Amino acid sequence: MPPGPSQDEIRRQNLGALLRHVHVHGATSRAELTTALGLNRSTIGALTADLAGAGLVSEGAPKETGRAGRPSPVVRPESTRIHAYAYSIEVDRLRAARVGLGGVVLDRRELDRPRGLLVAEAAPLLAGAVKEMQQRVPADAVCVGTGVAVCGMVRRDDGLVRLAPTTGWVDEPVAAALGAELGVDVPITVGNVADVAAFAEHARGVAAGCDNVVYLYGDVGVGAGIIAGGRRVTGHGGYGGEVGHMKVVRDGERCECGSRGCWETQIGEYGLLRNAGRSDAQGREALLAVFDAADRGDARAGAAVRQAGDWLGFGVANLVNLFNPEMVIFGGTMRDLYLAAAAQIRSRLNANALPACVEHVRLRTPKLGDDAALVGAAELAFERLLADPLDIG
Ligand SMILES: [Zn+2]
């Protein structure tokens, strides 16, 4: 029989569990930690002292509760000291943020991104944004890692961006390019933007407590982050969730991926603008202008939005049948489309999905909004710390 975990291994696991709890839930009293982690008071006290000694948490008086008696001290994550850098590489913008332990966005930068910008051109822009933020970081702050969200297919093993159809990137070593620009030896983890946004909404957003979730994220194309049984589903190589390329029309419109009839040719930016008779326009503003025109009674814009909403409900019905989620979240441009055609999407979904699969599905917009990609990218970076909190050197 293999030996059980050693005392040291158990301690490290418990340190990780306690730190993860305050990272996700914020300030928590020792009494609540005792209940949540199933450990006794003296163990919680010892673990807290270890984490405080490492500068990862602090203990203090709770906020005034008005209740009588001596309150249990609360444990807080050291959010301004322990941080990660997060990047979000989107079709039309580049974003960088410093995110504190506990998921707090402490500082941020945003840059417009011309379509067609190469990795070699994007990396110095992102690194420059981070270098600017670094000048304002407290002297005793510790960066535990860097996470990157990319609108593309990301190889899990090494973060290689295999294909980002809407930006034209093929086999791009994004992590290496950023590492070379930053010139620092911190680990860089890369993930797909829909996957990391789903991760963030599941950890601390609208899907907290939901173990089966489909997060649909639209930029120019459409992808999904899928949580099944409480775990992220990313497939064998990391490329799962490419729902925008589900084939829905045989020999249909040509898609950026090279195929035809993909779902995103109907619900993505190009499809919606084409159907609204605005193929010469592009970008989020152009899409919002179509929704606005539809709202004001423009017949062609209204028909394009209804058509896209119909296709959105149709595709979501397939996803609901496949994954039986308790929640479907609409993020990015899918949020705009959902808000413009919610009743129609729900009605198409109910008509097309299997009754048993659809009966408890809640349709929601993200709680973290546009920050989900940044907060989720930071979560990728925090994972290593949470797995072994005393190994942050
Ligand atoms: Zn496609």
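Trainee: At what angle do α9 and helix α11 pack, and how far apart are their axes?
Mentor: In this predicted model, α9 and helix α11, which covers residues 333-340, pack at an angle of about 5°, and their axes lie 11 Å apart. Because angles under 35 degrees count as roughly parallel, α9 and α11 are therefore roughly parallel to each other.

Trainee: Which residues meet there, α9 against α11?
Mentor: From α9 the residues are Arg284, Leu287, Leu288 and Phe291, and they meet Thr333, Asp336, Leu337 and Ala340 of α11. Sorted by class, this contact of α9 with α11 has five nonpolar residues, one polar residue and two charged residues.

Trainee: And how does α9 pack against α10, angle and axes?
Mentor: Helix α9, residues 284-295, packs against helix α10, residues 299-323, at an angle of about 110°, and the two axes are 7 Å apart. That angle makes α9 roughly perpendicular to α10, and the crossing of the two helices is left-handed.

Trainee: Which residues make that one up?
Mentor: On the α9 side there are Val290, Phe291, Ala293 and Ala294, which meet Ala301, Gly302 and Val305 in α10. By class, the contact of α9 with α10 has six nonpolar residues, one polar residue and no charged residues.

Trainee: Let me stop at Gly302, then: is Gly302 buried or exposed?
Mentor: Gly302, which lies in helix α10, is buried, with a relative accessible area of 9%. Its C-alpha atom is separated by 8.1 Å from that of Ala276, although Gly302 and Ala276 are 26 residues apart along the chain.

Trainee: Switching to the cores, which residues touch the most other members of the largest nonpolar one?
Mentor: Among the 47 residues of the largest nonpolar core, Leu18, Leu19, Phe382 and Leu385 touch the most other members. Helix α14, residues 372-387, supplies the largest share of this core, namely ten residues.

Trainee: What is Leu19 in contact with, away from its sequence neighbours?
Mentor: Leaving aside neighbours within four places in sequence, Leu19 is in contact with Leu51, Leu56, Val57, Leu101, Leu385, Leu386 and Pro389. There is also a second, separate core of 41 residues, which includes Val305, Trp311, Leu337 and Leu349. Of those, Val305 came up in the contact of α9 with α10, and Leu337 in the contact of α9 with α11.

Trainee: Now the loops: where is Asn212, and what does it touch?
Mentor: Asn212 sits in the loop between α6, residues 193-204, and β12, residues 213-218. Not counting residues up to four places away in sequence, Asn212 touches Ile227, Ala228, Gly229, Asn324, Pro325, Glu326 and Met327. With 25% relative accessibility, Asn212 counts as partly exposed.

Trainee: Asn324 is in that list, so what is phi there, and where does Asn324 lie?
Mentor: Phi of Asn324 is near 45°, which is a positive value in a residue other than glycine. Asn324 lies in the loop between α10 and β15, the latter being residues 327-332, and Asn324 is partly exposed, with a relative accessible area of 42%.

Trainee: And Asp251, what is phi there?
Mentor: Asp251 has a phi near 55°, again a positive value in a residue other than glycine. Asp251 is found in the loop between β14, residues 231-233, and α7, residues 264-267, and at 65% relative accessibility Asp251 counts as exposed.

How values were computed. Residues are numbered from 1 along each chain as its sequence is written. This is a predicted model: local features need pLDDT of at least 70, side-chain atom pairs count only at pLDDT 80 or more; totals for chains, interfaces and linings use all residues. Side-chain values use heavy atoms; hydrogens and water are left out. Axes are lines fitted to C-alpha atoms, for helices over the stretch in contact, and angles run from 0 to 180 degrees between N-to-C directions. Helices (H or I, at least four residues) and strands (E, at least two) are DSSP runs, numbered from the N terminus. Angles under 35 degrees count as roughly parallel, over 145 as roughly antiparallel, 65 to 115 as roughly perpendicular and the rest as oblique. A crossing is left-handed if the near helix is turned anticlockwise from the far one by less than a right angle, and right-handed if clockwise. Contact means heavy atoms within 4.5 Å. Ala, Val, Leu, Ile, Met, Phe, Trp, Tyr, Cys and Pro count as nonpolar, Asp, Glu, Lys and Arg as charged, and the others, Gly among them, as polar. A nonpolar core is a set of buried Ala, Val, Leu, Ile, Met, Phe, Trp, Tyr and Cys residues joined through side-chain atoms within 4.5 Å. Buried means under 20% relative accessible area, exposed over 50%, partly exposed in between (1.4 Å probe, protein chains only).
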